[in-house]
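Good morning. Please have the picture open while I talk.

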Amino acid sequence: DQFVGDNATILLGKIALAQNQPQEALIAYSRLLRGTNKSADAWLGMADVYAVLQQSDKELEALNSASQAPDANSTTWLRLGQQQLRAKNGSAALSALQNALRLAPRALTILVELARAEVFVGQLSEAREHGKQALAQNQNDADLWLLNATIAQRQGKLTDAIEHTKRAQSL
């Protein structure tokens with residue numbers, strides 16, 4: 001059936017990438033996307049190919065297409081937000097990451113990436129809130145403490161910044 005065939009093609013694309021054969025993966029995903037399958041997974045696979053080929057513009061286009069697929073999920077929006085942030089598109093990153101958070105309100109990775117995007121665009125109050133929520137989930141992550149230290153420092157809360165930095169160093 002079509003579902004099995006499409007999933008097999010997606011799997012073959014992943015295998016081709018794992019075997020460092022991005023052109024084979026590109027062929028598999030292109031064939032799939034020319035057909036009726038416009039799933040987020042197919043577009044995410046295409047984004048993976050473009051990432052390996054270091055074609056960030058095409059990667060971003062594929063991630064945008066993935067986000068428009070009916071089955072787009074929090075991972076789709078997270079990846080789009082991360083790529084938008086790498087491209088220094090702050091407001092687009094925020095929008096994508098906020099969509100991801102709506103779909104997965106307690107996801108640690110999404111909270112962290114959203115806080116980073118908020119720091120990037122200068123929304124420090126929001127960044128502090130999301131940074132605290134992330135830290136509440138994992139007190140033993142030095143990177144989370146450093147993220148919160150950076151936010152505190154940028155807000156002029158130097159005592160907090162020092163405390164968070166010392167905590168990061170102790171881990």
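Start at Ser-39. Apart from its neighbours within four places in sequence, Ser-39 is in contact with Ile-10, Ala-69 and Asp-71, where contact means heavy atoms within 4.5 Å. Ser-39 sits in the loop between α2 (22–34) and α3. The relative accessible area of Ser-39 is 14%, so Ser-39 is buried. The cut-offs are these: buried is under 20% relative accessible area, exposed is over 50%, and partly exposed is in between, with a 1.4 Å probe and protein chains only.

Before going on, a word on where this comes from. This is a predicted model, in which local features need pLDDT of at least 70, side-chain atom pairs count only at pLDDT 80 or more, and totals for chains, interfaces and linings use all residues. Residues are numbered from 1 along each chain as its sequence is written, and side-chain values use heavy atoms, with hydrogens and water left out.

Now the whole chain. How many helices and strands does the protein chain have? The protein chain has ten helices and zero strands. Helices here are DSSP runs of H or I with at least four residues, strands are runs of E with at least two, and both are numbered from the N terminus. The C-alpha atoms fill a box of roughly 60 × 30 × 25 Å, taken along the principal axes. The protein chain has 171 residues, and 44% of them count as buried. Among contacts with a separation of 6 or more, 44% are between residues 24 or more positions apart. The accessible surface is about 9,300 Å², and 50% of this belongs to carbon and sulfur atoms. Accessible areas come from the Shrake-Rupley method with a 1.4 Å probe, and for residues only the protein chains shown count as cover.

Next, two helix pairs. Helix α3 (residues 40–52) packs with helix α4 (residues 56–68) at an angle of about 170 degrees, and their axes are 8 Å apart. Axes are lines fitted to C-alpha atoms, for helices over the stretch in contact, and angles run from 0 to 180 degrees between N-to-C directions. The helices α3 and α4 are therefore roughly antiparallel to each other. The rule is that angles under 35 degrees count as roughly parallel, over 145 as roughly antiparallel, 65 to 115 as roughly perpendicular, and the rest as oblique. On the α3 side the contact includes Trp-43, Leu-44 and Met-46, and on the α4 side Ala-62 and Leu-63 are among the residues met. By class, this contact of α3 with α4 has ten nonpolar, one polar and two charged residues. Nonpolar covers Ala, Val, Leu, Ile, Met, Phe, Trp, Tyr, Cys and Pro; charged covers Asp, Glu, Lys and Arg; the others, Gly among them, are polar.

The second pair is helix α9 (residues 142–154) and helix α10 (residues 158–170), at an angle of about 165 degrees with axes 8 Å apart. These two, α9 and α10, are therefore roughly antiparallel to each other. Among the residues in the contact are Trp-145 and Asn-148 of α9, and His-164 and Arg-167 of α10. The contact of α9 with α10 divides into eight nonpolar, four polar and two charged residues.

Last, two loop residues. Gln-54, in the loop between α3 and α4, has a positive phi of about 55 degrees although it is not a glycine. Is Gln-54 buried or exposed? Its relative accessibility is 72%, so Gln-54 counts as exposed. Lys-88 lies in the loop between α5 (74–86) and α6 (90–103). Lys-88 is not a glycine either, yet has a positive phi of about 65 degrees. At 58% relative accessibility, Lys-88 counts as exposed.
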